[in-house]
Amino acid sequence: MSEASNNTEEIQSNSKIRLSIWQALVPIIALIGMLAYNVFIYGDDSLGGSNQFILLMGGAVAAIVGVVKGVKFEVMIEDVAKNIKATVEPILILLMVGALAGTWLLSGIIPTMIYYGLQILNPTIFLAATVVICSVISIATGSSWTTSATVGIALIGIAEALGVSVAMTAGAVLSGGYFGDKLSPMSDTTNLAPAMAGTDLFTHIRYMTLTTVPTIIVTLIAFIIIGLNLDTSGQTNPEEILDSIDASFNITPWLFVVPVIVIALIIKKTPPLIALLLGTLLAAGSALIFQPDLVQMIGGGEALNFETAYRGIINAITVEITIPSENKSLQDLFSAGGMAGMLGTIWLIICAMVFGGIMDAIGALERISEALLNLFTSIFGLFFSTVTSCLVLNLTASDQYLAIVVPGKMFAKAYEKKGLAPENLSRTLEDSGTVTSVLIPWNTCGAYHSGVLGVPVADYFFYAIFNYLSPFVTLIFAAFNIKIKQLTKK
């Protein structure tokens with residue numbers, strides 16, 4: 001009890017320490033400079049470990065600022081621990097997604113989805129169809145993460161087979177996934193934003209459609225235009241891909257039962273970890289039923305017995321596996337990293353949480369948000385400050401929830417003083433905090449989706465059209481006073 005009291009006193013004493021805006025910005029400027037140089041040196045390989053270390057170096061700069069201002073090191077570590085603790089579920093989800101991807105490959109689920117998808121979709125409509133498919137799945141499940149981990153992976157595979165850019169496809173997956181995530185009443189961020197702003201869920205969703213629907217329409221038009229101008233000449237013939245998939249796997253519509261069950265579980269509000277675990281186990285059983293020869297091969301045995309089956313399934317869950325194929329274009333498609341393949345992403349998230357935790361402990365995040373709040377006094381300025389705060393927090397705290405919670409708490413009174421209904425704030429939080437998180441490589445969302453889809457953030461950034469258009473649309477509405485709801489006087 002006395003130890004808890006001492007910790008509380010330490011935190012309270014540190015909360016009185018006030019940074020200047022330039023002191024608060026020093027770690028951010030240092031981090032951006034170091035990351036820019038590191039990416040210049042390492043290029044696409046920067047996420048292999050060097051960026052993770054740079055995030056720790058940014059945290060070290062923030063810690064030096066804190067020590068100079070009198071913040072105790074123990075308090076900084078406590079905030080880091082709190083930040084990392086908050087990422088336990090996302091980390092476990094990442095591990096389960098790795099396990100799911102491995103068993104869904106071994107069982108033939110992903111190859112089956114690709115097999116039938118290739119016969120339905122063609123390059124011209126593929127990207128627009130991807131946006132629509134992912135929108136529907138995400139609205140149904142309330143999760144862009146689940147959408148990426150299920151149909152997203154399959155759509156990336158179809159794109160490779162069709163000769164469509166995986167970067168474009170990842171952008172389409174995320175555009176549709178985040179559109180559905182924003183409008184689904186089952187989404188955690190869609191519930192969090194109105195709670196922070198002080199409005200109710202369905203008022204928030206209805207008001208959000210005013211900016212979200214035009215943005216997704218523009219996104220769809222953009223992908224239709226891109227699709228009409230795609231040049232896939234010289235790519236592998238889809239018929240050859242179909243023959244190769246058929247030769248390597250036992251393709252059957254029965255394998256669709258597993259993803260349908262997983263999506264149904266999510267819709268029924270089953271915790272994602274449980275749904276993904278069940279999806280992994282069901283896929284493992286399907287592998288034994290439909291792909292016994294592959295299980296034997298991955299298990300390394302001369303015959304399919306209990307030991308070989310066990311090794312085959314566990315290998316698919318935990319480490320990288322590759323299904324051999326004579327078609328060289330299917331080498332990437334027929335491999336999965338298992339849980340081990342997610343460790344780099346988990347490493348990135350932990351290092352990002354170290355930086356965000358120290359920035360929070362020294363009061364830098366609060367000071368930057370406060371400066372933005374004081375910088376603008378007009379209604380447009382208030383919206384602009386909110387959007388900027390969300391972007392800064394996504395960059396620095398590396399977590400979309402903090403990008404909603406911190407500005408939500410700080411700006412609620414300001415919107416009320418301006419006579420603006422709270423749904424203005426909740427919509428702006430989603431239009432800028434939720435959707436832009438996936439555009440930052442070291443943010444938990446950016447790290448997750450790039451890891452799951454196997455496409456670096458830098459590659460899909462330009463094609464995540466819905467995600468980077470959303471903040472601009474909300475600012476356009478504010479600038480021209482379009483559907484800006486006033487407080488109702490009672």
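Me: A helix here is a DSSP run of H or I with at least four residues, numbered from the N terminus. In this predicted model, which element supplies the largest share of the lining of the second largest pocket?

Reply: α22 does, with 5 residues. The helix spans 444-453. Elements that each supply at least two lining residues include α5 (88-106), α17 (343-361) and β2 (335-336).

Me: What makes a residue part of that lining?

Reply: A lining residue has an atom within 4 Å of a pocket point. The second largest pocket has 34 such residues, and its volume is about 940 Å³. Nearest its centre lie Ser-450, Gly-451, Val-452, Leu-453 and Gly-454.

Me: How do the residues of the lining divide by type?

Reply: There are 18 nonpolar, 12 polar and 4 charged residues. Glycine counts as polar, so Gly-451 and Gly-454 fall in the polar class.

Me: Why is Asn-481 called exposed?

Reply: Exposed means over 50% relative accessible area. Asn-481 has 53%, so the label applies. Asn-481 lies in the segment after α24 (465-479).

Me: What makes the phi of Asn-481 worth a note?

Reply: Most residues other than glycine have a negative phi. Asn-481 is not a glycine, yet has a positive phi of about 55°.

Me: Is Lys-483 buried or exposed, and how do you know?

Reply: Its relative accessibility is 55%, and the cut-off is over 50%, therefore Lys-483 is exposed. Lys-483 is placed in the segment after α24, and its phi is positive, at about 50°, although it is not a glycine.

Key:
Residues are numbered from 1 along each chain as its sequence is written. This is a predicted model: local features need pLDDT of at least 70, side-chain atom pairs count only at pLDDT 80 or more; totals for chains, interfaces and linings use all residues. Side-chain values use heavy atoms; hydrogens and water are left out. On a 1 Å grid over the protein atoms alone, a cavity is a set of points where a 1.4 Å probe fits but cannot get out, and a pocket is an open set with protein on both sides within 12 Å along at least five of seven lines; lining residues have an atom within 4 Å of a point. Grid points are joined across faces, edges and corners, and a volume is the space filled by probe spheres set on the points. Buried means under 20% relative accessible area, exposed over 50%, partly exposed in between (1.4 Å probe, protein chains only).
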